[in-house]
Amino acid sequence: MGHDAPAGDLRLANLTKRFGVFTAVDDLSLTIPQGSFFALLGASGCGKTTTLRMIAGLEEPTSGQVLLGDRDIARLRPYKRPVNTVFQSYALFPHLDIFENVAFGLRRRGIRSVGDQVERMLSLVQLDGYGRRRPAQLSGGQQQRVALARALINHPKVLLLDEPLGALDLKLRRQMQIELKRIQTEVGITFVHVTHDQEEAMTMADTVAVMNAGRIEQLGAPADMYEFPATAFVANFLGQSNLLAAEAAGAGGGEVAVSAHGGRFSVPAGRARADRGPVYLGVRPEKLHLVGSADQVPAGHQHVTGVVTDASYVGVSTQYLLRTGWGSELTVFVANSGAYGRLPVGTQAVAHWDPRHAFLLHREPGEHDRTTPVLDEPVGASS
Amino acid sequence: MSVLAHVPTGSGQSAPLPAARSGRYRLLPYLLLLPGAAWLFLFFAVPLFQLAAASLYDPSGSLSTGYALTWAFGNYPEALQAYWPQFTRSFLYAGIALVLALLMGYPLAYAIAQKAGRWKNLLLVCVIAPMFTSFLVRTLAWKTILSDNGALVGLLRDVHLLGADGRLLATPVAVVLGLTYNFLPFLVLPLYASLERLDHRLLEAASDLYASPVRAFRKVTLPLSMPGLVAGTLLFFIPASGDYINAELLGTPNEYMIGNVIDSAFLVRLDYPQGAALSFLLMAAILAVVFVYLRRAGTDEVL
Ligand SMILES: Nc1ncnc2c1ncn2[C@@H]1O[C@H](COP(=O)(O)OP(=O)(O)O)[C@@H](O)[C@H]1O
Ligand SMILES: [Mg+2]
């Protein structure tokens, strides 16, 4: 609070945490600019919580640094760090009322008159008048907001949020996402938000880091990462992708020519993460268009032919599965804009795309197509 | 939920009427209460009533000549006057023992509940195991430990914590130590039960919110263990203040507590009115202490 600190970027440098022989966080390095909303996205068990706990001081790093500005705080006790956490379990103090829960941090720092600040914080999270209740008398969403208020009132340099919305139902979760984003813009504190929900990460964060097995797979603005993922993991963790096993023959004339399953395709050189050898040719399902025959394909588009094996109507769009000649099933999303008729299952169809929407990713030799739709949320992702 | 609903109705039988069924269930709680209530009535209420009557007998009577109920309320001030030192000593010893037991018992309960990991059950057994031998035997064992030619006294003499002819046995120290030891499990077990339920994530939250370990203890651990603490102190203090075995075996008449006086009034001096009056005074004093304590501790979860 009070005085403005010098540049307060949060930097993790070669941060590593091992539990016995198991490496939970593996040589993690990243910079989170002061005042940004940063999302750490990854499946359950990939090391998100462990990373947060090392920033908060609840877990000691095996090696590496946690820098706030240019101060290494990695070996400070948690109660000495200008960092607060909204815990996954909320961890509200059951013996204290809401007012005292929120006032806890201020009182521990010897601040006497806390009334005004607490009231202001309670109204920020829209809980005016709840001060005298106990946590057990509040709903999950309200408890979540108390946990947020209890952390925010201390004006930490960095606020850590560990899947704070995980326990809420979908509607409340969407509501709280907007709320959190609003509060973050208002208070301007660095938020590090851990989630396994890619939609949550993309709608809220300025920067998203996708984590996998203790490492960062890719880091960037949500739209950039979605449009041009760096790895096959990211391509399928952030939304879904049709990835075709292909061979690239090198760049030439601003394009990379690839062959896949007997067809010849090309991708702009700027959208290729690899331009020689085994690659994935990737296209997002909504970037694919369906037509009845090859002569309807617009000039400049590339296409594959197949048979419609499934058509699920999901309101805003229809999701088709198109079985190609070599047996893979491509996913195609067609917006229900009324411009096209429905294609019944069993009909021959052609999927085409603008090459500027395709991308090339590195592929290990021997890896096959990855086109099966992945679940929206990873299974068992609640921890 | 009805159990009766699953009983197949036999050929000739008709299903019980709903009214009869609910009537039977209405009585059930009272039926379940009956054995306990009867036990309490026969072996607590009736003797208590008799004791109250005995405390008001004519003090000049005796067991051989018989007692007359003369409503001799004077028995109370008399008994109190005669044995005031033993009274205060009882509460003093029990109080000191309680403080010692808390100093040992709280860390012990905390360690077992929060830090012991897979040793938890073994340590709990260690706390309870002494109870498998009789109270008397355990106190006699202390007599040996504290005896003048025992190793402990020898050691204390060697390091000059005791004078050359200093002793432990037959001193207030021995009695207080005996009380502390004998009633410690009654303090530790309820404390353990409430500390075991303590969510360590709350301590992490406290530490995240600028509470040093000491502050986190005072503001989170201690208040959350209050129910166990209150129950434990009561379970310790009540029997300790009425105890007479420790003073008898480890002390001298100079260390006698009110329990010893009651014991001798009933079994040696055969002064029933006085013994009964002292018993009631002790009971009243304990109730008063407990009442004040519960008001101060401010917990309504115990009673
Ligand atoms: N205290 C611990 N001891 C051993 N393994 C742990 C411990 N904490 C976490 N792990 C392991 O580290 C991995 C990462 O855990 P975590 O950071 O909680 O994942 P996430 O929050 O991404 O779901 C998991 O495989 C988990 O089992
Ligand atoms: Mg987690």
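1. Within this predicted model, the lining of the largest pocket draws its largest share from H2(B), which contributes five residues. Helix H2 (75–115) is joined there by H7 and H8 of chain B, each of these helices supplying at least two residues of that lining.

2. The pocket in question has a volume of about 570 Å³, and among its 27 lining residues those closest to the centre are A:Arg77, B:Lys115, B:Leu203, B:Ser207 and B:Pro213. By class, the lining divides into 14 nonpolar, six polar and seven charged residues.

3. Turning to the interface, the contact takes 24 residues from chain A and 17 residues from chain B, and the area buried between the two chains comes to about 1900 Å², with carbon and sulfur atoms giving 63% of it. On the side of chain B, the residues that lose the most area to chain A are B:Asp208, B:Leu209 and B:Tyr210, which together make up 40% of what that side buries.

4. As for specific interactions, one salt bridge is counted between chain B and chain A; a salt bridge links the side chains of A:Arg53 and B:Glu204 at 2.8 Å, N to O. Six residue pairs between the chains are in polar contact, with both residues at pLDDT 80 or more.

5. Helix H7 (200–208) and helix H8 (213–224) of chain B each supply at least two residues of the side that touches chain A, and H7(B) provides the largest share of that side, seven residues. The composition of this side of chain B is 10 nonpolar, two polar and five charged residues.

Notes. Residues are numbered from 1 along each chain as its sequence is written. Chains are lettered from A and ligands numbered from 1 in the order in which they are written. This is a predicted model: local features need pLDDT of at least 70, side-chain atom pairs count only at pLDDT 80 or more; totals for chains, interfaces and linings use all residues. Side-chain values use heavy atoms; hydrogens and water are left out. Contact means heavy atoms within 4.5 Å. Buried area is the accessible area (1.4 Å probe) that two parts lose on being put together, summed over both. A salt bridge is a side-chain nitrogen of Lys or Arg within 4 Å of a carboxyl oxygen of Asp or Glu. A polar contact is a pair of N or O atoms within 3.5 Å; within protein, one must be able to donate a hydrogen and the other to accept it, and residues adjacent in sequence count only if both atoms are side-chain atoms. Helices (H or I, at least four residues) and strands (E, at least two) are DSSP runs, numbered from the N terminus. Ala, Val, Leu, Ile, Met, Phe, Trp, Tyr, Cys and Pro count as nonpolar, Asp, Glu, Lys and Arg as charged, and the others, Gly among them, as polar. On a 1 Å grid over the protein atoms alone, a cavity is a set of points where a 1.4 Å probe fits but cannot get out, and a pocket is an open set with protein on both sides within 12 Å along at least five of seven lines; lining residues have an atom within 4 Å of a point. Grid points are joined across faces, edges and corners, and a volume is the space filled by probe spheres set on the points.
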